[in-house]
Amino acid sequence: MEEVNNKFVSIKDHVNGSPNESDFEIKTETISLSVRSKEVIVKNLYVSVDPYQLNRMKSHSSSQAAISFATAITPGCAIDTYGVGRVVASGRPDLAKDELVVGLLTWGEYTLVEEGRLLNKLDPMRLPLPLHVGALGFSGLSAYGGFFEICKPKKGESVFVSAASGSVGSLVGQYAKLFGCRVIGCAGTQQKVDLLKEKLGFDDAFNYKDETNLKSALKRYFPEGIDIYFDNVGGEMLEAAVANMNLFGRVAVCGAISEYTGNQKRAALEMLDVVYKRITIQGFLAADYIERYADFISTTTDLLRSSKMQALCDISHGVESVPCAFIGLFRGDNIGKKIVQIADE
Ligand SMILES: NC(=O)c1ccc[n+]([C@@H]2O[C@H](COP(=O)([O-])OP(=O)(O)OC[C@H]3O[C@@H](n4cnc5c(N)ncnc54)[C@H](OP(=O)(O)O)[C@@H]3O)[C@@H](O)[C@H]2O)c1
């Protein structure tokens, strides 16, 4: 019976603070290539590295009971993630050997995809495969759904985006600009700030780490107030944005990365601002917009093909690089979508 050796990443124990390399180990197993009906074995090519995985690694997080893809990660076991791969063996009639697929893979070299788990044939549409992990995957759907459905933009409105050079933020800013909004982003280095202004077309950008008072910084950048805040970070930035919102402002809460490690202040909003300025604050998950998927893909592929939109990918190589790539998200190491290329295409 043919077999492959599979190296994969796991956590040694639950991770309840900032992640460190020592929290992870690379394990090896043997996978038999004889599959049962409806099972598929995939050779992983590109896998996604995302901040929400930290909440899955904790002993407890309210996110873990919310939706199946956010369930707790068991120490010692493989860690599932979105990615693109190639079929090695298939027990599904709709998927043949060597076909490209996209879906729930693992931080490893191979994934045994059991019946019922998300895995679809991928037509790359002549676009690079990493884009199908990021801009055309859940990052893109989060940006598109969150911005258009929750922020309900009107042309000319002022939009603020945090973690603006990251995977979701960089796309939100560009959707907003192309729609006709005035867009300002914040990021954690001067290099990222320059990129937002020079390459992604943001009207302005600033390094939040250089600011001693975020409320007055936002007052300076938005003298006429913020209509829309696309929040990726939570914490003090959310407090500062709410303090600067206009009447009937909308806040799309995509994530709260500054709060995931437990090292920084949690947002304590001025609720009277929320009441008197009639601000809408809504959290969401990319999966909420799955019915808009076709619309999202056709709009975004057109924008990418015509170079009206840039999809930034930050790629590391090899399964051993996954822990460092993941930890780097919380240090601001990445520019654009963090992906690990596991094998050559
Ligand atoms: N709701 C959903 O369905 C959904 C889907 C995808 C992602 N998300 C959320 O969206 C957010 C962005 O995710 P992403 O995948 O696009 O990640 P990303 O922005 O590509 O990477 C994370 C970035 O966050 C910034 N960051 C890290 N720690 C920070 C801190 N303490 N304060 C402020 N900024 C910090 C860093 O950039 P700087 O250099 O700018 O600090 C870092 O590069 C996350 O909160 C994530 O959980 C939600």
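# Exercises on helix packing, domains and ligand shell

H2 and H9 are roughly perpendicular to each other, a class that covers angles of 65 to 115 degrees. The model is predicted: local features need pLDDT of at least 70, side-chain atom pairs count only at pLDDT 80 or more, and totals for chains, interfaces and linings use all residues. Residues are numbered from 1 along each chain as its sequence is written.

**Exercise 1.** Determine at what angle the axes of H2 and helix H9 cross, and which residues make the contact.

*Solution.* Step 1: helices are DSSP runs of H or I with at least four residues, numbered from the N terminus. Step 2: the axes of H2 and H9 (residues 293-305) cross at roughly 100° and come within 10 Å; axes are lines fitted to C-alpha atoms over the stretch in contact, and angles run from 0 to 180 degrees between N-to-C directions. Step 3: Gly140, Leu141 and Tyr144 of H2 meet Tyr293, Phe296 and Thr300 of H9, where contact requires C-beta atoms, placed from the backbone, within 7 Å. Step 4: this contact has four nonpolar, two polar and no charged residues. Here Ala, Val, Leu, Ile, Met, Phe, Trp, Tyr, Cys and Pro count as nonpolar, Asp, Glu, Lys and Arg as charged, and the others, Gly among them, as polar.

**Exercise 2.** Describe how H2 packs on helix H3.

*Solution.* Step 1: H2 (residues 138-150) and H3 (residues 167-179) have axes 8 Å apart, at an angle of about 45°. Step 2: H2 and H3 are therefore oblique to each other. Step 3: the contact includes Ser139, Ala143 and Phe147 of H2 and Val168, Leu171 and Tyr175 of H3. Step 4: the residues of this contact are eight nonpolar, four polar and no charged.

**Exercise 3.** State how the chain is divided into domains, and where the ligand lies relative to them.

*Solution.* Step 1: the protein chain is divided into domain 1 (3-134 + 311-341) and domain 2 (139-287), with bounds from an automatic or database domain assignment. Step 2: the domain centres, taken over C-alpha atoms, are separated by 29 Å. Step 3: 15 residues of domain 1 are in contact with 18 residues of domain 2. Step 4: of the 32 residues around the ligand, Gly166, Ser167, Gly188, Gly255 and Gly332 come nearest; a residue counts as near if its C-beta atom, placed from the backbone, lies within 6 Å. Step 6: by class, the shell has 15 nonpolar, 14 polar and three charged residues.

Methods. Helix = DSSP H or I, 4+ residues; strand = E, 2+ residues; numbered from the N terminus. Parallel < 35°, antiparallel > 145°, perpendicular 65-115°, else oblique. Contact = placed C-beta atoms within 7 Å.
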